[in-house]
Structures are given as structure tokens and as C-alpha cells.
Amino acid sequence: MQAPHIPVLFSQTIAAFSQLEDGYIIDCTLGYGGHSEGILTANPHLKLIACDRDAEAIEFSRERLSKFKDRVEIHKAKFSEILEILPEQKLRAVRGILADIGVSSLQLDKNCRGFSTKSDALDMRMDESAALDAAYVVNRYSQADLARIFREYGELTNANAIAAKIATARANAPLTSAKALANLIGTKPVKGRSISTATLAFQAIRIEVNDELGELKRLLALIEQKSRDSILTNATVAIISFHSLEDRIVKERFRAWERDCVCPSEFMRCECGGGHSLGKILTKSPIIADAQELAKNSRAASAKLRIFRLK
């Protein structure tokens, strides 16, 4: 099948799970199945449990992975839910967890999905059945809430000005296309960067629509809970992020998982007794795309892979 999406950091991700001999791997963000196909091919005794919010992606991947037959199990669900859906018996056999926290090329390129700054639609939902979409955020959120989103999720210094511009424009008529919104915000690169103001603002709106940071935090919290309950053990956790806020969340959580002592930093000596470490960070610095990959897929430029080994 001709895949509509090139998986980022493909060889590095496959290598992260190369030592797994049997059991299950969970692909929390199945997408168009590129990483999953590679992992199943490289590990003939592994089974896959995958989930995604996007019905179109699931339909494509179900066919793509059909050659692996009963080695594949797919759920339509948020990735923060998958560890709660699965029975304890399967969780105890999980040996790897992968989450690629990004938007697929098809979602970006397909006009009707409204993710791109060139789209005629204004949607941005990863799950098209969800109630909240970008049009609602842009046209119904208060000016103050829009500014907060652009400031917190887009890290835009002119968040207030962008929100004011949108509020003025929508007072005359609702904004209904991503293209019009992008032109209103401004498509010139941010000073000192190669990315436009509109692109950063769109990322912020997309994060709000899909609760992306909340989803990531809930997934990591569940992994920690299952690990501390000795249900999820001896497993490799690999997270690919594309946004500085996402990467920061993963980095800080991995550091906390590795810490043996959880006493406050102001304590002169350990009083907790230690023994709190969940495992070991395998990537002190994130893995990023090399020049060869960037030449083939420019969208890999912001991808960062961090890996943790649960004991």
C-alpha cells in the first residue's frame, strides 16, 4: 500500500525496540501504521496493540497491517485511554510502548481537515466525531482565552495582539477558513526563526482542540501508575514529540521516573529511604533526525525521540 505519511525517526524507533523477543508492544498513536509495520517486521514474535482517534487512519492501517493477521489488535481510542482499556493480563505482557505525538502528513495536507494554513476548512480535529473544533475556538472563545492559548501553547510574545485582531475580525463575520485565519494572523516568519506566526498560532489552536498536552500527561501518569503497581514492568517507553512543551513534559517525567530519592531538594539527606526509581533513561539527549532524513522529509525537523526503560 502507498502510505500517505512518512514516519519520522523510523530507523531509530525500530532500534529502540530491537531487543524485544516476545510479548506486546503498544502503539499509542497508530496513524498510518508506518512505525507499527516496521516494528512487527523486525520483531517476528511480538504482537501489536494499537489505537488512534482518527477513523480514516485506522481503516488504512487495518488493511496495511492485515498481513500480520492475529498479531495485531486495533482500538479507536485516545492514547490516554489505552492502558485502561486493556485487561491486566495483557498489560503484564507489554514490553514496549510507543507514542508519536504529532499530526500525520495526510491530516496536514487534506484540505477538509483544516490543519494547514492553506486549508479552506477550519477544523483541526484528530477525531472528526469530537465536539470541539478550531472554528469554535476561533469564533467563540473569549479574547482573553485566545491570548492565553497563543501565549502558553504557541509561545508567542504578541499573543494579545493576535487575539485582538481575531476578535475584531470575527465581530463582522465568523472566520470559516484556515487560509483566511492564517492571512489575518500573518504568514511571515517570526523574527529569528524559520517558522511563521500563523503556524505557531495554528499549533496552539490544534493543541487546544485535541487537548494534546493533557493527553500526553495522562498517558505518562498511567504508565507510572501501572509501573508502580508492578503491572507494567520490563518495558521500553519511546515518545516522539514535535513541540517544545511536549518534549519538556516527557523530559521532566522521565527524570522523575529515574530518581531513586524523592525527598525535596532542600533536605540535607535522604529521608524517604530511596527505592523509588522506575528504571533508566536511555537517551540523555533527545534523538533527532539526521541530514539524510531531513532531505527526504522536512517535517522531521522538529521531531525529538526520548526513550526510557522500565525495570
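Predicted model: local features only at pLDDT ≥ 70, side-chain atom pairs only at ≥ 80, totals over all residues.
Let's start with the helices. Two packed helices are described by the angle between their axes and the distance between the axes. Here the pair is helix 12, residues 212-228, and helix 13, residues 244-258. Their axes are 10 Å apart, at an angle of about 15°. Angles under 35 degrees count as roughly parallel, so helix 12 is roughly parallel to helix 13. The crossing of the two is right-handed.

Who makes the contact? From helix 12, we have Glu212, Leu213, Leu216, Lys217, Leu220, Ala221, Ile223 and Glu224. From helix 13, the partners are Leu245, Glu246, Ile249, Val250, Arg253, Phe254 and Trp257. How do these residues divide by type? There are 10 nonpolar and five charged, with no polar ones.

Ser80 is in the loop between strand 3 (72-76) and helix 4 (82-85). Is Ser80 buried or exposed? The relative accessible area is 5%. Buried means under 20%, so Ser80 is buried. Setting aside residues up to four places away in sequence, Ser80 touches Glu215, Arg218, Leu219 and Leu222. With Glu215 there is also a polar contact, side chain to side chain, at 2.8 Å.

Next loop. Where is Asn43? Between helix 2 (34-42) and strand 2 (46-52), in the loop. Its relative accessible area is 4%, so Asn43 is buried as well. Beyond its neighbours within four places in sequence, Asn43 is in contact with Phe17, Ser18, Leu20 and Arg71.

Pro286 has a relative accessible area of 23%. The buried class stops under 20%, and exposed starts over 50%. Pro286 is therefore partly exposed.

Which residues does Pro286 contact, leaving aside those within four places in sequence? Lys304, Leu305 and Arg306. Pro286 and Lys251 are 35 residues apart in sequence. In space, C-alpha to C-alpha, they are 8.8 Å apart.

To recap. Helix 12 and helix 13 are roughly parallel, with a right-handed crossing. Ser80 is buried, and its side chain has a polar contact with that of Glu215. Asn43 is buried. Pro286 is partly exposed.

Note on methods. Residues numbered from 1 in each chain as written. Heavy atoms only, no water. Helix = DSSP H or I, 4+ residues; strand = E, 2+ residues; numbered from the N terminus. Buried < 20%, exposed > 50% of the residue type's maximum accessible area, 1.4 Å probe, protein only. Polar contact = N/O pair within 3.5 Å; in protein donor to acceptor, adjacent residues only side chain to side chain. Contact = heavy atoms within 4.5 Å. Axes fitted to C-alpha atoms, helices over the stretch in contact; angles between N-to-C directions. Parallel < 35°, antiparallel > 145°, perpendicular 65-115°, else oblique. Left-handed = near helix turned anticlockwise from the far one by under 90°. Nonpolar A, V, L, I, M, F, W, Y, C, P; charged D, E, K, R; others polar.
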